[in-house]
Amino acid sequence: MNPEEAYIIDFKGLTIGVGVAEMLLGDDFFALWPESGIEHGTVRVKAEVRKRTATQATVALEIEATVTLTCDRCLEPFDAEVSFRGEPAALMTETPPEDEDGETLWIDPATGKLDLGQYIYESVMLSLPIRRVHPHIEDCDPEMLKRFSIVSEQEFDAIEAGAGATTIGDRLASAESAEEETGEER
């Protein structure tokens, strides 16, 4: 199947009532938006289309995605999971308004196709964290942290040694103890 067809629903072919479509999108989907910076990802979409009339519906969307991002701290790739729930309206019209709100999907009467691609893409992108970092600093590349001097030498030593610490709080406390022993401050 053409990746661009994976997220298109034949709106004209739906009967009045509720229809459900499930989609699994991958790297081909993100390749359609190269500006996203996402090269790898998986998106699961459940779309429940409640067609009320021949020209209008609501679409309840559940989006679960795992995308590979670049860590802002160490520049290494990591997987981030995001989820989104939305319920845009879908209207068939020849001339969509210029000041749309982003919560209405417009269906061209000539094709009768409901294209969810842009909405899914924007939902995933807006669900990504602003600060894109590994969930745990100990997952960051210690060599890169040292190069960027994001942490003090003592914090770096504590991260590398692990010292039996299981959380960053434990590791920072360990680094503070090392500072007290040497008499150095950050």
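Residues are numbered from 1 along each chain as its sequence is written, and side-chain values use heavy atoms, with hydrogens and water left out. Because the model is predicted, local features need pLDDT of at least 70 and side-chain atom pairs count only at pLDDT 80 or more, while totals for chains, interfaces and linings use all residues.

View 1. Helices (H or I, at least four residues) and strands (E, at least two) are DSSP runs, numbered from the N terminus. Starting at the N terminus, the order of elements is β-β-α-β-β-β-β-β-β-α-α-α-α. The protein has 186 residues, and 36% of them count as buried; buried means under 20% relative accessible area, exposed over 50%, and partly exposed in between (1.4 Å probe, protein chains only). Among contacts (heavy atoms within 4.5 Å) with a separation of 6 or more, 56% come from residues 24 or more positions apart.

**View 2. The largest pocket is lined by residues that include W106 and Y119.** Its volume is about 180 Å³. A pocket is an open set of points on a 1 Å grid over the protein atoms alone, where a 1.4 Å probe fits, with protein on both sides within 12 Å along at least five of seven lines; lining residues have an atom within 4 Å of a point. Grid points are joined across faces, edges and corners, and a volume is the space filled by probe spheres set on the points. Also in the lining of the largest pocket are E100, G102, T104, L105, D115, Q118 and E122. β7 (104-107) and α2 (117-127) each give at least two residues to this lining. Sorted by class, the lining has three nonpolar, three polar and three charged residues. Here Ala, Val, Leu, Ile, Met, Phe, Trp, Tyr, Cys and Pro count as nonpolar, Asp, Glu, Lys and Arg as charged, and the others, Gly among them, as polar.

**View 3. The second largest pocket holds about 150 Å³ of space.** Look for S36, G37, I38, E39 and H40 in its lining, along with T68, L69, T70, D72 and R132. By class, that lining has two nonpolar, five polar and three charged residues.

**View 4. Three salt bridges turn up in a search of the whole structure.** A salt bridge is a side-chain nitrogen of Lys or Arg within 4 Å of a carboxyl oxygen of Asp or Glu. R50 pairs with E48, their closest N and O atoms lying 3.0 Å apart. At 23% relative accessibility, R50 is partly exposed, and E48 is partly exposed with 23% as well. R50 also forms a salt bridge with E87, at 2.8 Å between the closest N and O atoms. This second pair links distant parts of the chain, with R50 in strand β3 (residues 41-51) and E87 in the loop between β5 (77-86) and β6 (89-92), 37 residues apart. The other salt bridge joins the side chains of E64 and R85 (2.9 Å, N to O). E64 sits in strand β4 (residues 56-70) and R85 in strand β5, 21 residues apart. Shared partners join E48, R50 and E87 into one network.

**View 5. L75 lies in the loop between β4 and β5.** Most residues other than glycine have a negative phi. The phi of L75, however, is near 65°, a positive value. L75 is partly exposed, because its relative accessibility is 48%.
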